[in-house]
Amino acid sequence: MFDVIVVGAGPAGSMAAKTCAENGLKVLLIEKRQEIGTPVRCAEGISKQGLKRFVEIDRKWIAAEVIGAKIYAPDGTEITMAEEMAGNEVGFVLERKIFDRHLARLAAKAGAEVIVKTAFISFERRDGRLKVKMRRMGEEWEVETKILIGADGVESKVGRMAGIIRTLRKSEIESCAQYLMSNVEIDENYTYFYLGNELAPGGYAWIFPKGNKCANVGIGVLPSKAKANAKYYLDKFIEKFGIEGKIVELVCGAVPVYGEIETAVSDNIMLAGDAAYHSDPITGGGIANALCAGYYAGKVAYEAVKKNDFSAGFLRKYDELWKSDFGWKLRRNKKLQEFFLKLDDQTLNSLAKSISGRNIKEMSVQAIIVELLKSNPHLVDLIKNLLI
Amino acid sequence: MARKAVVNRGKCAYCGACVAVCDFFALELVETYLEINENCNGCSICVKVCPMGALSLVEV
Ligand SMILES: Cc1cc2nc3c(=O)[nH]c(=O)nc-3n(C[C@H](O)[C@H](O)[C@H](O)COP(=O)(O)OP(=O)(O)OC[C@H]3O[C@@H](n4cnc5c(N)ncnc54)[C@H](O)[C@@H]3O)c2cc1C
């Protein structure tokens, strides 16, 4: 019997397994794919801060460093957010194929058992424990555990089977397509975001530099608003902006843009990362929150084992931790997302114009909102009401 | 006539977007192979969410 079984070796799962193992728990990390980290489902951008909190930086999986971001309104109006001082890189573009494996290895090194090509199928509660059914290299396999951590990403089988979360609706998920392109001519010091209801309904297009003139060129659209699939919009975007370069990889995926769930636990079970819809409703970023949630889930698993209490009541400690760390931000950004989704291109253009050329030093949603409010006093009450 | 989702494997990028929105556990991504089981009731949300346009409905 294990203390903890972690499902999914993405950032959330590996961080959870590592934390459990470091605290002396007997932990099993299962990943259904045969290779951890591939195929990639990510644009790989993360703030330096979000990463440094939980992982020691290793150049092996840093593809590029950026000093800021440029956002483009539908009419091309540019908003720049940047650290002006050299050496103040605020963001990284990762090489997730290597990063995810690195994290899984850290978990293994800390003492976790890691098994690939092994999928979670179902669980059964018995005498305060869980019987977990898996498919391991094609064979059925059953193991008992005290705690199950669902870090199985957007597919989120554990959470839905446990009744912790409900299935995402068309308006709660971004459908994404991306090319890794070579020979892309951009200033590699920035990440680029493109807005517009025609261009990317309910989402945005992006260009993230990966060094050596390579870049992730991608798009996310909200299926409830989009008239065609993400790849269609991506090809249109590339055509419209005349982005030249060779496509050397295709990446697809989906990101939850749900907002904050009420609880990420039930008896014996905790969810972390995309499985708990922990990605940001505005940016779609989820790596940093996944790392953070995985860490907290591991910590609370340790306390639960120590106290021999696996009830939802006890595991709510985990809810308290992730909610006060970043859950409130998901809640706020969901409301802001709903507000932005209602704006037509003309309004987006004029809002962008009102703050274009400003010196926005911080790369965050909050920094943009603050600037917008400074220049558009009529929005103050609106946003205030929204956020109460 | 009942309808059911089918996948064009040449287009499928095995990303799991469809799995995320299926309320009936009708879809499962076995590594790079998308399986569609008899739970599918042809609701079509997966068709709408697929980034590649790899899913469609057929009459069965
Ligand atoms: C196109 C795209 C671009 C993105 N860009 C960014 C970005 O720039 N920055 C950012 O921060 N975030 C980005 N995200 C979001 C980010 O990728 C996720 O938030 C992050 O990967 C979540 O980590 P996780 O560990 O929760 O889940 P994942 O990384 O999805 O890992 C889940 C793992 O669980 C495994 N699994 C699933 N089901 C089972 C099962 N039944 N049994 C065993 N294993 C299972 C999967 O194979 C997978 O390896 C992007 C997402 C997409 C789709």
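Colleague: Happy to start with the interface. How many residues of chain A are in contact with chain B?

Modeller: Keep in mind that this is a predicted model. Here 28 residues of chain A are in contact with 22 residues of chain B.

Colleague: And what area do chain A and chain B bury between them?

Modeller: The size of an interface is often given as the accessible area lost when the parts come together. In this model chains A and B bury about 2100 Å² between them, with 60% of it on carbon and sulfur atoms. On the chain A side, the residues that lose the most area to chain B are R160(A), T167(A) and C252(A), together 20% of what that side buries.

Colleague: Which polar features does the rule find across this interface?

Modeller: There are 13 residue pairs in polar contact between chain A and chain B. The rule also finds three salt bridges across the interface. One of them joins E28(B) to R135(A), where the closest N and O atoms are 3.2 Å apart.

Colleague: Which elements of chain A give two or more residues to the side that touches chain B?

Modeller: They are helix 4 (157–161), strand 12 (173–182), helix 5 (230–240) and strand 16 (246–256). Strand 16 gives the most, with four residues. By residue class, the side of chain A that touches chain B divides into 12 nonpolar, five polar and 11 charged.

Colleague: Let me try a single residue, then. Is E155(A) buried or exposed?

Modeller: The relative accessible area of E155(A) is 9%, and buried means under 20%, so E155(A) counts as buried. E155(A) sits in the loop between strand 11 (139–150) and helix 4 of chain A. Setting aside residues up to four places away in sequence, E155(A) touches K32(A), R41(A) and R160(A) in chain A, and G16(B), V19(B), A20(B) and L29(B) in chain B.

Colleague: Now the cores. Which residues touch the most other members of the largest nonpolar core?

Modeller: In soluble globular proteins, nonpolar side chains tend to be buried together. The largest nonpolar core here has 129 residues, and L51(A), L148(A), F237(A), M270(A) and Y318(A) touch the most other members. Helix 6 (residues 287–307) of chain A contributes the largest share, 11 residues.

Colleague: What is F237(A) in contact with, beyond its neighbours within four places in sequence?

Modeller: Its contacts are Y194(A), L199(A), A205(A), W206(A), I207(A), V217(A), I219(A) and I243(A).

Notes
Residues numbered from 1 in each chain as written. Chains lettered and ligands numbered in written order. Predicted model: local features only at pLDDT ≥ 70, side-chain atom pairs only at ≥ 80, totals over all residues. Heavy atoms only, no water. Contact = heavy atoms within 4.5 Å. Buried area = accessible area lost by both parts, 1.4 Å probe. Salt bridge = Lys/Arg side-chain N within 4 Å of Asp/Glu carboxyl O. Polar contact = N/O pair within 3.5 Å; in protein donor to acceptor, adjacent residues only side chain to side chain. Nonpolar A, V, L, I, M, F, W, Y, C, P; charged D, E, K, R; others polar. Core = buried A, V, L, I, M, F, W, Y, C linked by side-chain atoms within 4.5 Å. Buried < 20%, exposed > 50% of the residue type's maximum accessible area, 1.4 Å probe, protein only.
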